Every structure is written in C-alpha cells, then in structure tokens.
Amino acid sequence: MKSYTDFSPFLTDQRAPRDNLKMLLSCVIPRPIAFVSTISAGGAPNLAPFSFFNAVGSNPPALIISPSTRPDGTYKDTIVNLRAVPECVVNVVPYAIRNEMNDASYAFPPHVNEFEAAGFTPLPSRFVRPFRVAESPVNMECRLIQIVPVGDGPLSANICIAHVLCFHIADEILLPDGTVDVSRIDLVGRLGGDDYSTTRDRFALPKPAPPRATPRM
C-alpha cells in the first residue's frame with residue numbers, strides 16, 4: 001500500500017465558508033442524490049435534489065437530508081416546506097433522468113412546480129401529501145422526525161431526519177429476495193463542481209473472517 005508523507009493543512013476557521021464547502025464537495029465523494037418532493041402549507045408541490053443525503057438507521061428506517069441555507073442567508077423551499085408540512089418523498093436518481101434532475105435544481109420561485117418545469121410525472125403517495133416521481137424507480141415516503149440546525153447564517157446546515165414509512169420499488173428492478181438489483185437501477189452520484197459519477201463500475205469485497213486466535217507461548 002502507498003503511504004502519503006506530504007500534506008497541506010487547511011484550517012477551516014481561517015477560511016471562508018464557501019471555500020470549506022468546495023473542499024468538502026471535492027473530498028466527500030461520491031455522494032448519493034436525494035430527489036426530494038415536498039409540499040408547501042398552501043399545497044404547492046416542490047421537487048429538488050440534494051447530495052448531503054444518506055441512510056442513518058433501520059429501526060426505524062431513517063434518512064437524513066440537509067438543505068443548506070443559501071449564500072444570501074435565505075432558506076430553500078424544501079426546508080421551508082418541511083417546517084410547514086413535515087412530510088416528504090425521497091426519490092432516487094437514475095442516469096436516465098440526470099438532465100431533468102439538474103433542471104429541477106434551478107432556484108425557481110416558491111410558486112413554480114418543478115414537476116411541471118422539469119417534465120416529471122407526479123404520482124400520489126399512500127401515507128404523505130407530497131407526490132412521488134414516476135420516472136424514479138424507488139420512492140420513499142417519509143415523515144419528518146426532527147430538524148437539527150448546524151451553525152447559522154449563509155451556508156449553514158439544516159439536517160432533516162426522516163422516518164421512512166413506505167418503500168415503492170419498481171417491479172423491474174426488484175430481486176426475488178426483496179432487495180433492489182443494483183446492476184439495473186443505474187444511479188448517479190455527486191462529485192465536486194459540475195461532475196457526477198455512476199454506479200455502473202462495481203467490485204466486491206467479501207466480509208473478512210474473524211482473525212485466528214494467537215497461540216499462547
């Protein structure tokens with residue numbers, strides 16, 4: 001294995017938040033993308049992608065997404081909607097909808113319906129008010145558990161912890177054991193800048209066996 005010997009330190013408290021963001025986005029890769037559907041207090045649908053996203057538990061099944069506060073200090077529609085209507089649908093993003101997902105990331109005014117603006121088909125959910133995305137092969141209906149603010153002001157985090165109430169899995173990617181066929185779902189991940197990745201290239205690492213006990217001398 002190669003060892004690294006020369007490192008350049010970057011003290012985060014001596015850097016602008018934007019520079020720290022760029023460093024994080026280039027180091028923490030690839031990041032899965034949550035295509036999050038919410039609804040406003042007045043009933044306006046919203047759809048937006050977030051790469052500060054992951055699974056965090058299974059009892060109950062839970063996800064986190066973190067809509068960062070905008071550089072001007074205002075809040076994104078997703079966090080505003082979740083505070084008003086604590087429900088969402090987290091949809092996955094396959095390669096086939098990469099361009100439309102990117103279109104939906106535009107900072108539209110709150111009254112604009114991103115389903116219509118980006119050409120997505122809304123599907124009714126069973127347990128929550130926000131719509132599912134028909135073009136996504138996995139939809140996860142969620143109820144908000146808690147919002148945890150991290151910092152304040154521009155680029156601060158708003159960690160939203162959500163309980164997954166129901167998984168909707170497209171039959172064509174469902175395996176007999178009840179899991180998803182990762183070779184067919186073809187998801188994309190977020191890298192730094194304008195770059196993305198796919199999950200097409202994979203390798204397997206079997207779980208290691210327990211180490212053998214060292215014989216006593």
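Two strands pair if DSSP finds at least two bridges between them. That rule sets up the first landmark in this predicted model. Strands β2 and β3 form a hairpin, with five residues between them. In the turn, Gly 43 has a positive phi of about 95°.

Strand β6 covers residues 87-91, and three bridges join it to β2. This pairing is antiparallel as well. Here Val 36 stands opposite Val 90 of β6.

Step back to the whole sheet. It is open and has seven strands. Their order is β3-β2-β6-β9-β10-β5-β4, and the pairing is antiparallel. The edge strands are β3, residues 45-50, and β4, residues 53-58. Each of these two pairs on one side only. From one strand to the next, the twist averages 30°.

How many of the six residues of β2 are buried? Six of the six are, so the strand, residues 34-39, is largely enclosed by the rest of the structure. Both of its faces are covered. Ala 34, Val 36 and Thr 38 are buried on one side. Phe 35, Ser 37 and Ile 39 are buried on the other.

Strand β11, residues 188-190, is joined to β12 by three bridges. Arg 190 stands opposite Tyr 196 of β12.

Strand β1 consists of residues 31-32 and holds Arg 31. This arginine is buried yet has no salt bridge. Which side chain of opposite charge is nearest to Arg 31? It is that of Asp 195, 10 Å away. A salt bridge needs a side-chain nitrogen of Lys or Arg within 4 Å of a carboxyl oxygen of Asp or Glu. Arg 31 does have polar partners. Its side chain reaches the backbone oxygen of Val 28 at 3.0 Å. It also makes a polar contact with the side chain of Ser 51, again at 3.0 Å.

One joins Arg 129 and Glu 87, whose closest N and O atoms are 3.1 Å apart. This pair links distant parts of the chain, 42 residues apart. Arg 129 sits in the loop between β7, residues 122-123, and β8, residues 132-133. Glu 87 belongs to strand β6, the strand that also pairs with β2. Arg 129 is exposed, with a relative accessible area of 52%. Glu 87, at 10% relative accessibility, counts as buried.

In the other salt bridge, the side chains of Asp 186 and Arg 200 meet at 2.8 Å, N to O. Asp 186 lies in the loop between α5, residues 182-185, and β11, while Arg 200 is in the segment after β12, so the pair ties together parts that are 14 residues apart in sequence. Arg 200 counts as partly exposed, at 44% relative accessibility.

Finally, turn to the cysteines. A disulfide is a covalent bond between the sulfur atoms of two cysteines. The search of the whole structure finds zero of them. Cys 88 is in no disulfide, and the nearest cysteine sulfur, that of Cys 142, is 4.5 Å away. The cut-off for a disulfide is a pair of cysteine sulfur atoms within 2.5 Å.

Terms used
Residues are numbered from 1 along each chain as its sequence is written. This is a predicted model: local features need pLDDT of at least 70, side-chain atom pairs count only at pLDDT 80 or more; totals for chains, interfaces and linings use all residues. Side-chain values use heavy atoms; hydrogens and water are left out. Helices (H or I, at least four residues) and strands (E, at least two) are DSSP runs, numbered from the N terminus. Axes are lines fitted to C-alpha atoms, for helices over the stretch in contact, and angles run from 0 to 180 degrees between N-to-C directions. Buried means under 20% relative accessible area, exposed over 50%, partly exposed in between (1.4 Å probe, protein chains only). Lys and Arg count as positive and Asp and Glu as negative; His and the chain ends are not counted. A polar contact is a pair of N or O atoms within 3.5 Å; within protein, one must be able to donate a hydrogen and the other to accept it, and residues adjacent in sequence count only if both atoms are side-chain atoms.
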